[in-house]
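Visitor: I am new to this structure. Could you show it to me and take a few questions?

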Amino acid sequence: MVGSSPIGAAEEVILRPGQPGSLGVAIQKAVRDGVRRVRLVPGQYGPLTLQGVRGLPTEIVGEPGAVVDATSIRGCESLKFQQLTFRGVRASPTIPGLVIVDPSSRGLSFDRCSFSTEESSAGWSPQDWIDRPYGVGLFTRGQNISVSDSRFFNLRNCLYLGGDGSVVKGCSFEAFGNDAIEFCANDLRILSNRIRGGHHTPAEQLHADGIQGFPAPNGGLFSDILIDGNTIEFDGPGDYMQGIVVFDGRWRGIRVTNNSLRLNHWHAITIYGVDDILVAGNTVSTIDPTRRIWIEVRASKEGRPSSGVVVRDNVAPMFRTAGDATTARNKIQLR
């Protein structure tokens, strides 16, 4: 029968640290044999490399205490990582992420996983927030990647979504030095996440953001982005954090709706150079009464006007929108 396991294939394979062969080889064999679930018992498994692993949807499930180090996934499909702890201090400045998913991978999911440099950041200096973590906790350029109900913490940047059709939903981002979510693709969904940052200091030369969009290469256009229902809070002890920002590139079809932001910097929701944008139902407040923060939609840095701008039903201390914007029923909240 199409889609069924080979006759005699086990439903589940249990792996333990220190078994002969690498973890990646064991997982690849299980998928090739038609096993539906690979279970990792507690322990330290070291680095993981998966290449060309395709077949039936396969679950890779970690029991509490199953820890995997730096992970590279290339040319893989239909793998479901569940309840795994990915943890590792940066081994090389040339490796962009603790977990890397390359562009030839697709249809992967990370559910109830954990991504961190170390379990505790007590005693980290400002420079440690730059030097100790990999550049990103989960760096994915694969298509149709799902990240759900996972925890990101003690990282410099948490998540990079660089593949079309991806979604991040219900995740927790906390204790990071720079950005929580970075996106650079089409057809993305960023939904119902909780972001609590605040470890940025002047030692970090990049600006700290809850959610930031990066431009398409070669002057290209990104479209169809939904950012809905997220909570973004600055809680220190660093200097500041911005909210939902897109400063560069060409964009079309962005929806920023029903988000709650409590910050201490100007840019709560700021989008430059976009056609067809809806900003609605968001609530913005400041924790620093001496600094006004705003919702802003304006022309690109090159002077290209934004168009099709609708900003309505928001609450914020200030609105700065394009001249042709529809700005009905917004409310000014001074504090």
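Visitor: How many bridges join strand 27 to strand 30?

Guide: Keep in mind that this is a predicted model. Strand 30 covers residues 283-286 and runs parallel to strand 27. The number of bridges joining strand 27 to strand 30 is four.

Visitor: In strand 27, which residue is the bridge partner of Ile232?

Guide: Start with strand 24, residues 231-234. Strand 24 pairs with strand 27 in the parallel sense, over three bridges. In strand 27, the partner of Ile232 is Leu261.

Visitor: Which residues make up the uncovered face of strand 27?

Guide: In a regular strand, side chains alternate between the two faces of the sheet. Strand 27 spans residues 260-263, and its covered face holds Leu261 and Leu263. The uncovered face holds Ser260 and Arg262.

Visitor: Which residue in strand 21 stands opposite Glu174?

Guide: Strand 18, residues 172-176, pairs in the parallel sense with strand 15, residues 151-155, over four bridges. There, Leu155 stands opposite Phe176. Strand 18 also pairs with strand 21, residues 194-197, in the parallel sense over three bridges. In strand 21, the residue opposite Glu174 is Arg196.

Visitor: How many residues does the largest nonpolar core have?

Guide: Phe183 is among the residues with the most contacts inside this core, as are Phe152 and Phe173. Beyond its neighbours within four places in sequence, Phe183 is in contact with residues including Leu161, Ile211, Phe214 and Trp251. The residue count of the largest nonpolar core is 85.

Methods: Residues numbered from 1 in each chain as written. Predicted model: local features only at pLDDT ≥ 70, side-chain atom pairs only at ≥ 80, totals over all residues. Heavy atoms only, no water. Pairing = 2+ DSSP bridges. Helix = DSSP H or I, 4+ residues; strand = E, 2+ residues; numbered from the N terminus. Core = buried A, V, L, I, M, F, W, Y, C linked by side-chain atoms within 4.5 Å. Buried < 20%, exposed > 50% of the residue type's maximum accessible area, 1.4 Å probe, protein only. Contact = heavy atoms within 4.5 Å.
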